[in-house]
Amino acid sequence: MTTAAERRHMTEVARLGCIACRVIGIFTPNVELHHPRAGMGMGQKSSHLNVLPLCHAHHRTGGHGVAIHDGQRTWEANFGTESELLEMVRGML
């Protein structure tokens, strides 16, 4: 169950627009929230307080190297690691 504080946080993160688009110098306001999985076990989801705002293409549909779920190593080489981007998001909040 998502708490009121988590919902507020996710709303604020979503307002930042796609973090990968920002890395390449553009603003894309329509996002999905990506839950990084580093250090998580099978079937576990990271906290709603650790989410990245990603546009549809950078999250799932952009293909290898564009979508994080389609070649994460290449994606991270292009845009930064999930940890680096989480720090960027926290700094922007």
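## Terms and basis

A residue is called buried when its relative accessible area is under 20%, exposed when that area is over 50%, and partly exposed in between (1.4 Å probe, protein chains only). This is a predicted model, in which local features need pLDDT of at least 70 and side-chain atom pairs count only at pLDDT 80 or more, while totals for chains, interfaces and linings use all residues. Residues are numbered from 1 along each chain as its sequence is written, and side-chain values use heavy atoms, with hydrogens and water left out.

## Salt bridges

With a salt bridge taken as a side-chain nitrogen of Lys or Arg within 4 Å of a carboxyl oxygen of Asp or Glu, the count is three. In one of them, the side chains of Glu87 and Arg90 meet at 2.8 Å, N to O; both residues belong to helix α5, three residues apart, about one turn of the helix, and Arg90 is partly exposed at 41% relative accessibility. Helices (H or I, at least four residues) and strands (E, at least two) are DSSP runs, numbered from the N terminus.

Glu32 pairs with Arg60 in another salt bridge, where the closest N and O atoms are 2.7 Å apart. Glu32 lies in strand β1 (residues 32-34) and Arg60 in helix α3 (residues 56-61), so this pair ties together parts that are 28 residues apart in sequence.

## The buried Gly17

Gly17 sits in the loop between α1 (4-15) and α2 (19-23) and counts as buried, at 0% relative accessibility. Leaving out residues up to four places away in sequence, Gly17 touches Phe27, Thr28, Pro29, Val31 and Pro53, where contact means heavy atoms within 4.5 Å.
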